[in-house]
Amino acid sequence: MKRIFSPLCSDRGFVAKIAVLSTALTLSTAPIALAQDAPPPKVSVMAAVTKPLRNSETFIGRGEAIDKVNVIARVSGFLEEVLVKNGADVQEGDLLFRIESSAYEATLEARNADLAKAEANLQLTSLDLARKEELLSRGAVPEAERDTSRANEKVAEAQVRSAKAAIQQAELDLSYTEIYAPFSGRIGRIEVSVGDVVGPTSSSLVNLVREAPIYVSFALNEKQLVSVLQKVQQEADTEQEQRNLVEVFVVLPNGDELDERGKIAFADNRIDPTTGAVTVRAEFENANRWIIDGSYLTVGLQAQKAVDRIVISQAAIQRDQQGAFVLVVDDQQLVQQRYIETGDVVGTGIIVLDGLKDGETVVVEGLQRIRPGATVDPVLANQAGE
């Protein structure tokens, strides 16, 4: 029997293939259509704002007592009394220690006796000289005897002066048996006990430090020094005005800023060739004694006059091999990449020295979802530093 192929069956297979292909094309183009219809991503933005700020620069500083001394006995002897306690506050002239003084009192008495002897000898030689002068005028003695008597008088006068100097030295030695505070301050740990033999060659008895006022020393490199000098000389004429132009502040080791402000007290006259820096000292009243001799802290120089600066949030800053940049949203809500030059941190914000204008909008949240050239839906966030 002869099989007859129907054209209708062939057409049906072709139609089925067309239907499958059409479905595949529809599915493959659906994401493109959905992507084109998706709304622009939302991002948080804030404006670059201009704020009046005072220029500042920070350094590592160290507290330095204006006066500090190791108290040492100036004469030798047994330590008789310790009249102060460890860590006590003392005033200038307070009695701290007493050394046994009986030996020095005896020496002073002996020197007084030597003076009395010398003065008696001087009186005797003076009388002898007067007699020889009288006899010489009568021709009863030769001139040589008068000259001998005059020389004896001069020797006696020298012996009197020597005895007086010995008394002065003995009085000094006796006074050194009582040791007083040379200035007001706070003492450290007492290193000796009653009964110890102390003297100029022994170790110190205690150290004494003046805690208020106090210095804070720090170093400026050559570039920083020249920049500071140029700014100061441009804005002030007299030396006093220049000193008042810069305000000094410190941040304590625990991170708190001291509520006192210091003043520049000293700047060295040469740059240290080993470090390339010059040492500067600022003086603080240190009323609360929070700056301690030898402590490390942050010290800063701050200008008295405020300067307008553009500030943005630190969250807007990104970096690549070319440096710091931000993503700016323009009036058409398009994203632009902008490289900037940054300055000091101000609270949660940062100063922008170049690359942005006042009022321009930068992205602070949603940075990972956008690229330069994309359209975004900006939502205003809080301002930097607020």
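**The open sheet and its surroundings**

Strand β6 and strand β9 (residues 185-187) are paired in the antiparallel sense, over two bridges. Here a strand is a DSSP run of E with at least two residues, a helix is a run of H or I with at least four residues, and both are numbered from the N terminus. Two strands pair if DSSP finds at least two bridges between them. Within this pairing, V90 has G185 in β9 as its bridge partner.

The model is predicted: local features need pLDDT of at least 70, side-chain atom pairs count only at pLDDT 80 or more, and totals for chains, interfaces and linings use all residues. Residues are numbered from 1 along each chain as its sequence is written, and side-chain values use heavy atoms, with hydrogens and water left out.

The open sheet consists of four strands in the order β4-β11-β9-β6, with antiparallel pairing. Because β4 (68-71) and β6 (89-90) stand at the edges with a single partner strand each, one side of each is left without a neighbour in the sheet.

Another antiparallel pairing joins β2 (residues 49-53) and β17 (residues 307-313) over five bridges. In that pairing, V49 stands opposite V311 of β17. V49 also belongs to the covered face of β2, together with K51 and L53, whereas T50 and P52 form the uncovered face.

L124 lies in helix α2 (residues 102-138). L124 counts as exposed because its relative accessibility is 53%; exposed means over 50% relative accessible area, buried under 20%, and partly exposed in between (1.4 Å probe, protein chains only). The C-alpha atoms of L124 and N152 are separated by 9.6 Å, and these residues are 28 residues apart along the chain.
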